[in-house]
Amino acid sequence: MASSFIEQVRDTLRAKYYSIRTEDTYLYWIRYFIRFHKMQHPSKLAESDVRDFLTHLALNAKVAPSTQKTALNAIVFMYRHVLESPLGDFSDFSRARTPRKLPVVLTKDEVRSIFSLLTGDSKLCAALMYGSGLRVMETVRLRVQDIDFDKLTILVRDGKGRKNRMTTLAAEVCKGLRLQIAHVQTLFEKDNALGDWDGVYLPHALDKKYPAAPFELSWQYLFPAARLSKDPRSEKVRRHHMGEQIVQRAVKAAVRQSAINKPASCHTFRHSFATHLLERGADIRTVQEQLGHSDIRTTEIYTHVLNRGGHAVRSPFSDL
């Protein structure tokens, strides 16, 4: 059974509409932090104790920089929003460091080879990851109304950093998406006919503001799960989106079958999307907006993959 303090953290996370994935991650690191300090209550610990914990993660646990940052975010959240005692300066902790790696990028022929081995929902998801630069979780969380066939755009809701963005939609994917929406409508009508269906999950308490929305087709997941399940938070019976592991396993299997000697994954499609846009002469700022990067320096790593200079723009002379 969780302690009253952990339950308080959980309630605060839910009150601020953090995803269940973030909730589980933050609770893991807060428990780890408490255990590291011999089960002392965090209210009795100081900035130096936070510094010691983060240094331990870097030097002893040897976690990746992103993992250390996640642990830091969890602890900062706890002090700021649960204990209401924001931390002072503890910036001199040892930071986890790993050699900077260039992203794995597929050639167009390699993309075609993988696509030829994918089928069904996994193939359509892969088409959106490569054709629109989506992350795998952004893909499986898409709603029917996020697809704009007229403007050939996709609305990505609550992407990394809880940000929304618009990205491009390849016209070649539209036929498959229309068939997918027809499939969603069939399941939607089936669920609507049930007496114990509680509608689709909506984030940020939108179901309270718009109580009819969970029962509208436009809000249903574009890639629904095969069966209904009970929401672990609310206990309501819903049809969630398909698990991202289904897509990840299918892509991994296709990479192996295609004999591509690269550590390619779902995220490799996103890297390839960005790199191939730059190869075609897209401006770095445009690619930044498509990917949803806050910092242009994150996007600039793809120019290193190309090794064609800072802007990676093709000269118009090449088209003569």
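Guide: Let us begin with accessibility: a residue is buried under 20% relative accessible area, exposed over 50%, and partly exposed in between, with a 1.4 Å probe and protein chains only. The model is predicted, with local features requiring pLDDT of at least 70 and side-chain atom pairs 80 or more, while totals for chains, interfaces and linings use all residues. Residues are numbered from 1 along each chain as its sequence is written, and side-chain values use heavy atoms, leaving out hydrogens and water.

Visitor: Why does Lys38 count as exposed?

Guide: Lys38 has 72% relative accessibility, which is over 50%, and therefore it counts as exposed. Lys38 is found in the loop between α2 and α3; helices (H or I, at least four residues) and strands (E, at least two) are DSSP runs, numbered from the N terminus. The phi of Lys38 is near 55°, a positive value in a residue other than glycine.

Visitor: What makes Lys62 count as exposed?

Guide: Its relative accessibility of 63% is over 50%, so Lys62 is exposed. Lys62 lies in the loop between α3 and α4, and although it is not a glycine, its phi is positive, about 55°.

Visitor: How confident is the predictor in the protein chain?

Guide: Confidence is given by pLDDT, which runs from 0 to 100 for each residue. The protein chain has a mean pLDDT of 90, and 94% of its residues reach 70 or more. Where pLDDT is low, the predicted coordinates should not be read in detail.

Visitor: How do you know that the length of helix α3 agrees with its number of residues?

Guide: The expected span of a helix is 1.5 Å times one less than its number of residues. Helix α3 (residues 47–59) has 13 residues and should therefore span 18 Å; the C-alpha atoms at its ends are 18 Å apart, so the two values agree.

Visitor: Which residues of α3 are buried, and what covers them?

Guide: The buried residues of α3 include Asp49, Val50, Phe53, Leu54 and His56. The cover of the buried residues in α3 includes α2 (20–36) and α4 (65–82).

Visitor: How many aromatic pairs does the whole structure hold?

Guide: A search of the whole structure finds 14 aromatic pairs. Rings of Phe, Tyr and Trp (its six-membered ring) pair if their centres lie within 6.5 Å; planes under 30 degrees apart count as stacked, over 60 as edge-to-face and the rest as tilted.

Visitor: Why is the pair of Trp29 and Tyr32 called stacked?

Guide: The ring centres of Trp29 and Tyr32 are 5.4 Å apart, within 6.5 Å, and their planes stand at 10°, under 30 degrees, so the pair is stacked. The two residues are three apart in helix α2, and therefore about one helical turn separates them. Trp29 has 8% relative accessibility, and so it counts as buried.

Visitor: What makes the pair of Phe33 and Phe53 edge-to-face?

Guide: Their ring centres lie 5.3 Å apart and their planes stand at 75°, which is over 60 degrees, so the pair is edge-to-face. This pair links distant parts of the chain, since Phe33 is in helix α2 and Phe53 in helix α3, 20 residues apart. Phe33 has a relative accessible area of 0% and is buried; Phe53, at 0% relative accessibility, is buried as well. Ring pairs join Phe33 and Phe53 to a cluster that also includes Tyr28, Trp29, Tyr32, Phe36 and Tyr79.

Visitor: How do you know that β2 and β3 pair?

Guide: Two strands pair if DSSP finds at least two bridges between them. Strand β2 (residues 153–156) and β3 have four bridges, in the antiparallel sense.

Visitor: Why does Glu244 count as buried?

Guide: Glu244, in helix α10 (residues 244–257), has 9% relative accessibility, under 20%, and therefore counts as buried. Contact means heavy atoms within 4.5 Å; leaving aside neighbours within four places in sequence, Glu244 is in contact with Arg21, Val136, Met137 and Val140.
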